[in-house]
Amino acid sequence: MRKLLSAGLSLLCCYGALSQEISRDNALHSRIEANTANAVNANWPFRFGGPFYSHIFIDKIYADSDVIIPCQSVFDVQIAARLGFKVIEANVHETATPGKYIVMHGVRGRLGDQVTRLDGSSAADVVIRETPFDELMTQFVYRSKYAKYRTRITSLEEFLVECRRNNIAPMVSHIDKAQVEFVRSIMGNNFILYWGGRDEFDGPILEYWDYRTKEQILGRCRYMGPPYMYCMGNTRAFTDEQLEDICREVHKLGCHIGFAGCYENPAQSEKLLGLGFDFSASGWDINEIESGNLCNLTADLVFADFKTNGKVEDCVLILEHGQTISPRVRLKSEFLSGGSLHIHFKGRIHVKMGDYIDHDYESDGSRSTWISTYFMEQATVFEITAVGHAEVMSMTYRASKM
């Protein structure tokens, strides 16, 4: 009798656990279905009336930063939707558990400084693909100054459901065929695949390249076939006339072409869109929001850290034509990943910074200017040169290490 009672209790426990699992699955399914009719389907096919997709690094997610909102979390989805984005980028990582994925910016496949272990110790060197999914879900939390954001890591499933709920389509980095099918099971075909092949997805595929000739670009477009989105990483390698011609020829093939606006100033982005580019990865000005910054700053350089052949009068640095400002020490390439110059000046200056910024800026001195860029190891450049008479009232240079 005792054995029968024990067996019965075991069966009841198993049934109860199974019922809870079915209930959770049904709740998830209901949530997805409830958001289907008016969710991302309304945004598809991809339209370029608002040319930006969200490429925002929400807050400063590095070792010495003061974090508020976790990057590429469900909270990030909510903010991107409130800012008016129709598409948001998701860096997907496979875990040691087959078929289970997380969404996180990460650092070369590791967790980096965005999260900590439960005891507050560093998790920076944890390799995501070597860590079981359940361990990632239970042993780590996001860093944030506010308790409500110190939650566990966002899974791919949670990220996608949040996209549906907020009427925003994900641009999902490619892992494998099983992952693509999983995304399709939640999003239908309402997503952009970042990399990947036509054997797995016949919808929009975006690739980021820096091909050096028009023929190479058009060849890639022909190979992939529409709907294909070529994101150009080296717009400054071409003249305006060449860029306009490339856009025209890409469109003839039924494909789209864009650029990384998060590393361009607004004037350059506006010019590129005017030349025929279809889309942009946000914009550096968009990243300068109240509780976030593209550069996720870990180090600042102020006036004392720079050398100049100008002169200081009444706390204002006076530069005449051709005079420069540059760091006193050579910047290490490993230090440079994202950079931001915050400068309050009057007149015209030429800024060379990283791999993208190399042109003039003008100001009447009524407001300060932010300039953000992305650094390659081979482009550890930072220099400001006066074009005519210029006055610099204050300046801070900031950079991040990825």
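Q: Is Y194 buried or exposed?
A: Buried means under 20% relative accessible area, exposed over 50%, and partly exposed in between, with a 1.4 Å probe and protein chains only. Y194 has 15% relative accessibility, so Y194 counts as buried. This is a predicted model, in which local features need pLDDT of at least 70, side-chain atom pairs count only at pLDDT 80 or more, and totals for chains, interfaces and linings use all residues. Residues are numbered from 1 along each chain as its sequence is written, and side-chain values use heavy atoms, with hydrogens and water left out.

Q: Which residues is Y194 in contact with, leaving aside neighbours within four places in sequence?
A: Contact means heavy atoms within 4.5 Å. On that basis Y194 contacts E89, M171, V172, S173, H174, L206 and Y208.

Q: In which strand is Y194 found?
A: Strands (E, at least two residues) and helices (H or I, at least four) are DSSP runs, numbered from the N terminus. Y194 belongs to strand β8, residues 192-194.

Q: What order do the strands of the open sheet have?
A: Strands of a sheet pair through backbone hydrogen bonds, either parallel or antiparallel. Two strands pair if DSSP finds at least two bridges between them. Here 8 strands, with parallel pairing, follow the order β1-β12-β11-β10-β9-β8-β7-β2. At the edges stand β1 (52-53) and β2 (87-90), each with a single partner strand, so one side of each has no neighbour in the sheet.

Q: How many bridges join β1 to β12?
A: There are 2, and β12 covers residues 279-281. Y53 is opposite A281 in β12.
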